[in-house]
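I opened this model with my notebook beside me and wrote down what I looked up, one entry at a time. Here are the notes, in the order I made them.

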Amino acid sequence: MITVNGKEVTLTGPLSVADYLEQNNYQIKRIAVEMNGDILPKYSYSDTMLKDGDRLEVVSFVGGG
Amino acid sequence: MHHTLTKEEIYTALDERHSPETQKLLSAGNVAIAGLGGLGSNVAYALARIGVGHLHLIDFDVVDITNLNRQQYFMEHIGMYKTDALKSLLLRINPYLDIRTDCVKVTDDNLQELFADATIVCEAFDNPEAKAMLVNGILEHFPEKKLVSATGMAGYGSSNTIITKRIMKNFYLCGDGVTAPTYGHGLMAPRVAICAAHEANMITRLILGEEEI
């Protein structure tokens, strides 16, 4: 079980952050990912495996300013 | 009164409004504003008016006629670089502010150099990929700096859906989180200004030592 944006998510198998983001249709170029309180650099998405208890906050940016 | 106010006149008035103790902190404030559109120009106005002493204005673009529906520019600025136009406007409010400008597009390559001096960074871009690039870059390279960003402020939906959230220790996010501009619901002065005011007030709070939202 991990937490993403405050909601509990059950993992069914080994999954990297990149896999999770892709499966959930996030646009990689428009997001920032916080993992357990720290920013997760984009170059780490592929080799960071999600593990039980992880807390992710995915911020998606929309246009406008 | 048509003469330029003296520094003493301006700071006496600011002290009277804010108290000398508060004004001292505001005058020492150092904020970089990335993007000088509807968000950035309004944030800059608010911070300049309360005498935030050191502002760094960053934008690569020129003022366009379609900017006038929400950005703090005038007809005579069309075609001018936003950095130059905004600096000239802010100095009409307070000519004693220290205003640095960089007319440049922020990229992964120049980000570390551009933001080295600021203690607080205001993300005020329009483009979502530029927003994400800046936020990722600042949080990766400058985790000690305060970052105030915004997403979701188009249209004329309820004012009350625009909020300030604290995403991480040093990362604050303003806006409704979801509303991108669409046909008939573009970026409009009132709601963009609400979001800009959220950013400006969070920045003010940080300068004055308040870290909670």
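**Entry 1: a hairpin in chain B.** I began with S6(B) and S7(B), which form a hairpin with 2 residues between them. The two strands run antiparallel and are joined by 5 bridges. I picked out one pairing to check by eye: B:Ile163 has B:Gly175 in S7(B) as its bridge partner. A reminder to myself before going on: this is a predicted model.

**Entry 2: a parallel pair.** I then looked at strand S1 (residues 30-34) and strand S2 (residues 54-58) of chain B, which pair in the parallel sense over 5 bridges. In this pair, B:Ala34 has B:Ile58 of S2(B) as its bridge partner.

**Entry 3: over to chain A.** Here I found an open sheet of 5 strands with mixed pairing, in the order S2-S1-S5-S3-S4. Its edges are strand S2 (7-9) and strand S4 (38-39) of chain A; each has a single partner strand, so one side of each is left without a neighbour in the sheet. Strand S3 (residues 31-35) of chain A pairs with S4(A) in the antiparallel sense over 2 bridges, and A:Met35 has A:Asp38 as its bridge partner in S4(A). Which helix packs on this sheet, touching S3 and S4 of chain A? I traced it to H6(B), whose direction makes about 30° with that of S3(A).

**Entry 4: the interface.** I logged 30 residues of chain B in contact with 22 residues of chain A. Between them the chains bury about 1,800 Å², 64% of it on carbon and sulfur atoms. On the chain B side, the residues that lose the most area to chain A are B:Pro128, B:Asn136 and B:Met168, together 28% of what that side buries.

Entry 5: How many salt bridges does the rule find across the interface of chain B and chain A? It finds 1. A:Arg30 forms a salt bridge with B:Glu129, with 3.7 Å between the closest N and O atoms. I also have 6 residue pairs in polar contact between the two chains.

**Entry 6: who supplies the chain B side.** The elements giving two or more residues include helix H6 (128-141), strand S5 (146-150) and helix H3 (38-49) of chain B. H6(B) gives the largest share, 8 residues. By class, I wrote down 17 nonpolar, 7 polar and 6 charged residues on the side of chain B that touches chain A.

Notes:
Residues numbered from 1 in each chain as written. Chains lettered and ligands numbered in written order. Predicted model: local features only at pLDDT ≥ 70, side-chain atom pairs only at ≥ 80, totals over all residues. Heavy atoms only, no water. Contact = heavy atoms within 4.5 Å. Buried area = accessible area lost by both parts, 1.4 Å probe. Salt bridge = Lys/Arg side-chain N within 4 Å of Asp/Glu carboxyl O. Polar contact = N/O pair within 3.5 Å; in protein donor to acceptor, adjacent residues only side chain to side chain. Helix = DSSP H or I, 4+ residues; strand = E, 2+ residues; numbered from the N terminus. Nonpolar A, V, L, I, M, F, W, Y, C, P; charged D, E, K, R; others polar. Pairing = 2+ DSSP bridges. Axes fitted to C-alpha atoms, helices over the stretch in contact; angles between N-to-C directions.
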